[in-house]
Amino acid sequence: RDSGKRKAGDVDEDGDEVMDDAEGSGASTPASSSVQQRPKKPLPQHKVRTSAADRTLDSMFAPTPSGSRSNPVDIEPSSNKARSRSAVGEMVPESQTTLVSINDLRAEIKKKRHGGFSEIVEKHTFVGVVDLKLSLALIQHSTKLYLVNYGSLAEEMFYQLGVRQFGNFGRIKLEPPPPLSHLIRLAVEAEGERVKESGMSVDKVVKTITKLILERAELLDEYFSIKVNQQTEEVEALPCLLKEYTPNLDRLPQFLMRLGPEIDWMDEKGCFETLLREIAYFHRPGPLESFIDVEPSEGGRSEADEKAAKWEVEHVLFPAMRKYLSPPKSLLEGDVVQVANLPDLYRIFERC
């Protein structure tokens with residue numbers, strides 16, 4: 001008989017039984033049609049983790065009611081402009097502006113967007129936090145596993161949210177408002193040797209930065225919701241980039257100090273971009289010792305604080321990045337590493 005023909009009852013290479021064609025015609029029986037239309041099951045190494053019900057590394061942890069920080073803040077949306085962000089997860093609207101510099105920054109974000117990386121961010125499955133201090137987490141996309149620096153990704157997202165909401169930020173009200181010069185002094189003194197290398201005394205650096213911020217208080221308030229009372233010289237409010245997220249206010253002295261030397265005050269576009277970058281850096285997640293040279297608090301973070309921080313990373317930051325982050329190619333250079341590919345792992349274990 002023809003070796004290319006198979007009889008009814010034979011089993012094909014996929015394990016399905018071969019059925020006879022209808023006698024004397026080209027039509028197939030219902031049973032034959034059913035077998036032919038049945039989709040092939042994917043091999044285990046090609047199955048993709050997509051269910052939100054799948055367990056993550058931290059799925060057994062619940063956040064503490066008080067959160068990881070207990071700073072006296074009150075978050076409120078902008079009240080003098082049409083805006084509503086009361087619902088959790090509601091899309092943050094883009095503010096209207098006629099400023100060419102801001103429209104240029106928005107265009108640059110779109111131009112630098114990396115298509116392949118954007119798909120990974122938008123369609124990833126969160127696996128778990130690896131290291132809170134180093135801001136490392138695992139995510140999966142398709143059959144690939146990635147180790148990402150979520151601190152860098154979140155910082156870029158907050159910068160883009162700042163550009164998106166320029167001139168229309170919500171506010172984080174500080175109660176009671178702390179004195180501006182005192183906060184700056186804390187940060188300058190923490191710099192230690194760097195201040196000595198500048199050839200200026202601590203007092204002079206503090207006075208210079210304080211004066212600069214007070215002189216630009218109106219601009220900082222109008223465009224960035226950084227409210228500094230020029231009479232009392234107290235910090236009354238800070239910008240809120242994402243309603244569900246509050247930055248680590250232990251870093252407020254460092255943020256205010258950097259508003260002096262790190263801002264390009266001579267050029268409009270440069271000024272707006274560097275200010276938004278500093279606001280984003282202030283919102284970057286991580287413990288204080290990740291940003292400045294200080295000893296961790298005695299005993300380190302409590303277990304409850306760590307659980308709350310991990311919960312915030314999984315349930316606030318990564319969902320927000322899915323919605324708002326247009327990742328540039330530059331993030332691929334050191335903040336994203338592919339650590340595994342499922343088909344490759346199967347080939348390795350098959351040889352064991």
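Asn 341 sits in strand β8, which spans residues 336-341. The model is predicted. In it, Asn 341 counts as buried, because its relative accessibility is 15% and the cut-off for buried is under 20%. The side chain of Asn 341 reaches the side chain of Thr 143 in a polar contact of 3.1 Å. Beyond its neighbours within four places in sequence, Asn 341 is in contact with Thr 143 and Lys 144.

**The chain as a whole**

- The protein chain holds 12 helices and 8 strands.
- Of its 352 residues, 41% are buried.

- Asn 149 belongs to strand β4, which covers residues 144-149.
- Is Asn 149 buried or exposed? Its relative accessible area is 14%, and the limit for buried is under 20%, so Asn 149 is buried.
- The side chain of Asn 149 has a polar atom 3.0 Å from the backbone nitrogen of Gly 151.
- A polar atom of that side chain of Asn 149 also lies 3.1 Å from the backbone nitrogen of Ser 152.
- Setting aside neighbours within four places in sequence, Asn 149 is in contact with Leu 134, Ser 135, Leu 136, Arg 284 and Asp 335.
- Asn 149 and Val 130 are 19 residues apart along the chain, and their C-alpha atoms are separated by 9.9 Å.

**Backbone points to look at**

- Most residues other than glycine have a negative phi, and most peptide bonds are trans.
- Ser 135 has a positive phi, near 55 degrees, and is not a glycine.
- Ser 135 lies in the loop between β2 (125-131) and β3 (136-141).
- With a relative accessible area of 4%, Ser 135 is buried.
- Ser 135 is also one of the residues in contact with Asn 149.
- Ser 142 has a positive phi near 55 degrees, again in a residue other than glycine.
- The loop that holds Ser 142 runs between β3 and β4.
- Ser 142 is partly exposed, because its relative accessibility is 35% and that class lies between 20% and 50%.
- Which peptide bond is cis? The bond from Glu 175 to Pro 176 is cis, with omega near -5 degrees.
- Pro 176 is placed in the loop between β5 (170-174) and α5 (180-191).

**Helix α2 against helix α10**

- Helix α2 (residues 100-112) packs on helix α10 (residues 268-283) at an angle of about 55 degrees, and the axes are 9 Å apart.
- On the α2 side, the contact uses Ser 101, Ile 102, Asp 104, Leu 105 and Glu 108.
- On the α10 side, the contact uses Glu 268, Lys 269, Phe 272 and Glu 273.

**Helix α2 against helix α4**

- Helix α2 also packs on helix α4 (residues 150-164), at an angle of about 140 degrees and with axes 10 Å apart.
- That angle makes α2 oblique to α4, since roughly antiparallel needs over 145 degrees.
- The crossing of α2 and α4 is left-handed.
- From α2, the residues in this contact are Ile 102, Leu 105, Arg 106 and Ile 109.
- From α4, they are Tyr 159, Gln 160, Val 163 and Arg 164.

**Ile 102 in helix α2**

- Ile 102 lies in helix α2 and is buried, with a relative accessible area of 0%.
- Ile 102 takes part in the contact with α10 and in the contact with α4.
- Leaving out neighbours within four places in sequence, Ile 102 is in contact with Thr 97, Val 163, Phe 166 and Phe 272.
- Ile 102 and Phe 272 are 170 residues apart in sequence, yet 7.7 Å apart from C-alpha to C-alpha.

**The nonpolar core**

- The largest nonpolar core has 75 residues.
- Which members touch the most others in this core? They are Phe 158 and Phe 224.
- Not counting residues up to four places away in sequence, Phe 224 touches Phe 166, Phe 169, Leu 219, Pro 239, Phe 272, Leu 275, Leu 276 and Ile 279.
- Phe 166 and Phe 272 are in contact with Phe 224 and also with Ile 102.

Definitions and conventions: Residues numbered from 1 in each chain as written. Predicted model: local features only at pLDDT ≥ 70, side-chain atom pairs only at ≥ 80, totals over all residues. Heavy atoms only, no water. Helix = DSSP H or I, 4+ residues; strand = E, 2+ residues; numbered from the N terminus. Buried < 20%, exposed > 50% of the residue type's maximum accessible area, 1.4 Å probe, protein only. Polar contact = N/O pair within 3.5 Å; in protein donor to acceptor, adjacent residues only side chain to side chain. Contact = heavy atoms within 4.5 Å. Core = buried A, V, L, I, M, F, W, Y, C linked by side-chain atoms within 4.5 Å. Axes fitted to C-alpha atoms, helices over the stretch in contact; angles between N-to-C directions. Parallel < 35°, antiparallel > 145°, perpendicular 65-115°, else oblique. Left-handed = near helix turned anticlockwise from the far one by under 90°.
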